[in-house]
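Good morning, colleagues. Please look at the sequence and the structure as they come up, and I shall then take you through selected parts.

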Amino acid sequence: MPELQQVNNTNRSADVTVRFADLSQWAEAISTRETNFTMQPPGFMFQMPDTGIFCIHEGSSIVIDPSPQVSEAKLRLFVLGTCMGILLMQRDIFPLHGSALLIEGQAYAFVGHSGAGKSTLAATFMQAGYPLITDDVIAVNYENGVPHVYPAYPQQKLWQESLNHFGMSSDQYSTLHDEYDKFAIPVGDRFYNQPVPLAGVFELVKTDAPEASITELNRLERLHIMLAHTFRGAIVPRLGLKQRHFSQIAALAGELDAYQIQRSTTAFTAPAIMDKVLDIIRSKNHAASRSGSNG
């Protein structure tokens with residue numbers, strides 16, 4: 001898995017094992033379900049056409065039964081995406097779908113539906129010097145009562161349209177797999193590989209308005225975006241984690257700042273959005289600092 005950072009400490013044992021095995025005996029049981037995600041004796045299993053069968057067990061192992069002729073790149077896409085999201089859920093770690101960056105010493109998550117502009121906005125921040133913590137799957141867990149974002153790996157995924165906006169040639173990069181017009185972009189030293197306290201969430205939505213705008217969300221609206229942008233949220237009930245999941249998003253909605261960014265579909269507004277986001281973050285930090293010093 002070339003996307004991942006290598007661990008040089010040879011004394012550490014593997015936290016998660018990923019291996020190949022024959023899972024064909026479960027293919028019929030999976031295909032007879034109303035969706036291709038199902039709990040079976042070996043673990044939580046799903047099948048992707050022309051890709052393979054995957055099994056995730058107790059947050060510690062991923063087993064792959066690949067389809068004939070499938071590329072390793074396509075298998076890795078599912079291992080590092082859907083499989084990892086399920087594995088995090090099995091560990092009671094909450095996965096959001098989006099990008100997270102280190103801004104002013106804290107983590108901020110940018111979420112939204114496919115095509116909303118999450119990765120493009122993240123790339124704009126990175127070009128301005130703000131490191132990426134994770135792209136696609138945002139792992140959120142509590143440390144000493146404080147929600148933290150855990151780093152993923154130093155790679156970002158960008159559509160061809162985004163590359164065009166940044167003047168980047170797609171010839172330099174590999175597609176995620178042969179069927180995608182989306183590219184794997186190594187981020188190098190623009191990656192932050194330590195857990196960071198999560199301070200806020202920004203939801204991106206598309207609008208026909210010529211300029212971007214940002215609105216602060218109330219607690220009920222925050223709850224809604226946590227629910228709507230859970231990574232592979234439809235899987236939660238099938239894992240038997242519906243109650244646990246609701247407790248997680250209710251806790252986050254109660255203590256995190258959250259905003260909705262309405263971004264234009266008629267113009268490239270990512271730099272303007274970045275400036276507005278930074279103004280909000282700095283204003284919040286300044287107010288908190290003044291409140292602390294007065295206290």
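This is a predicted model: local features need pLDDT of at least 70, side-chain atom pairs count only at pLDDT 80 or more; totals for chains, interfaces and linings use all residues.

Gly129 follows helix α3 and has a positive phi, near 105°. Helices here (H or I, at least four residues) and strands (E, at least two) are DSSP runs, numbered from the N terminus. Residues are numbered from 1 along each chain as its sequence is written, and side-chain values use heavy atoms, with hydrogens and water left out.

Let me remain with α3. The helix spans residues 118–127, and nine of its 10 residues are buried, so the rest of the structure largely encloses it. By buried I mean under 20% relative accessible area; exposed means over 50%, and partly exposed lies in between (1.4 Å probe, protein chains only). Which residues of α3 are buried? They are Lys118, Ser119, Thr120, Leu121, Ala122, Ala123, Thr124, Phe125 and Met126.

Phe125 brings me to the aromatic rings. Together with Tyr108, Phe110, Tyr130, Phe202 and Tyr259, Phe125 belongs to a cluster linked by ring pairs. Rings of Phe, Tyr and Trp (its six-membered ring) are paired if their centres lie within 6.5 Å; planes under 30 degrees apart are called stacked, over 60 edge-to-face, and the rest tilted. The count by this rule is nine aromatic pairs. One of them, formed by Tyr108 and Phe202, is tilted, with 6.3 Å centre to centre and 50° between the planes. This pair links distant parts of the chain, since Tyr108 is in strand β7 (residues 106–111) and Phe202 in strand β13, 94 residues apart. Tyr108 counts as buried at 6% relative accessibility, and Phe202 is buried with a relative accessible area of 0%.

Phe202 also forms a stacked aromatic pair with Phe110, at 5.3 Å centre to centre and with 15° between the planes. Here too distant parts of the chain are linked: Phe110 lies in β7 and Phe202 in β13, 92 residues apart. Phe110 is likewise counted as buried, at 0% relative accessibility.

I now turn to the strands, beginning with the partner of Phe110. Which residue is the bridge partner of Ser99 in β7? That partner is Phe110. β6 and β7 run antiparallel and are joined by six bridges; two strands are said to pair if DSSP finds at least two bridges between them. The hairpin of β6 and β7 has two residues between the strands, and in this hairpin Glu104 takes a positive phi near 55°.

β6 also pairs with β8 in the antiparallel sense, over eight bridges. Ala100 stands opposite Thr134 of β8. Why is β6, residues 94–103, described as largely enclosed by the rest of the structure? The description is given because nine of its 10 residues are buried. Phe94, a residue of β6, is buried with a relative accessible area of 2%. The C-alpha atoms of Phe94 and Ala234 are separated by 14 Å, and these two residues are 140 residues apart along the chain.

Strand β8 (residues 132–143) and strand β9 (residues 146–150) run antiparallel and are joined by five bridges. Asn141 has His148 in β9 as its bridge partner. In the hairpin of β8 and β9, which has two residues between the strands, Asn144 has a positive phi near 55°. β9 is in turn joined by two bridges to strand β13 (residues 196–207), and these strands run antiparallel. His148 stands opposite Pro197 in β13.

Next, a contact made by a charged side chain. Arg263 is located in strand β15 (residues 257–264). Is Arg263 buried or exposed? Its relative accessible area is 18%, so Arg263 is buried. The side chain of Arg263 reaches the backbone oxygen of Ala116 at 2.7 Å.

Met1 is placed in the segment before β1 (17–20). Met1 is partly exposed, with a relative accessible area of 42%.

The ring cluster includes Phe125, Phe110 and Phe202. Thank you for your attention.

Conventions: A polar contact is a pair of N or O atoms within 3.5 Å; within protein, one must be able to donate a hydrogen and the other to accept it, and residues adjacent in sequence count only if both atoms are side-chain atoms.
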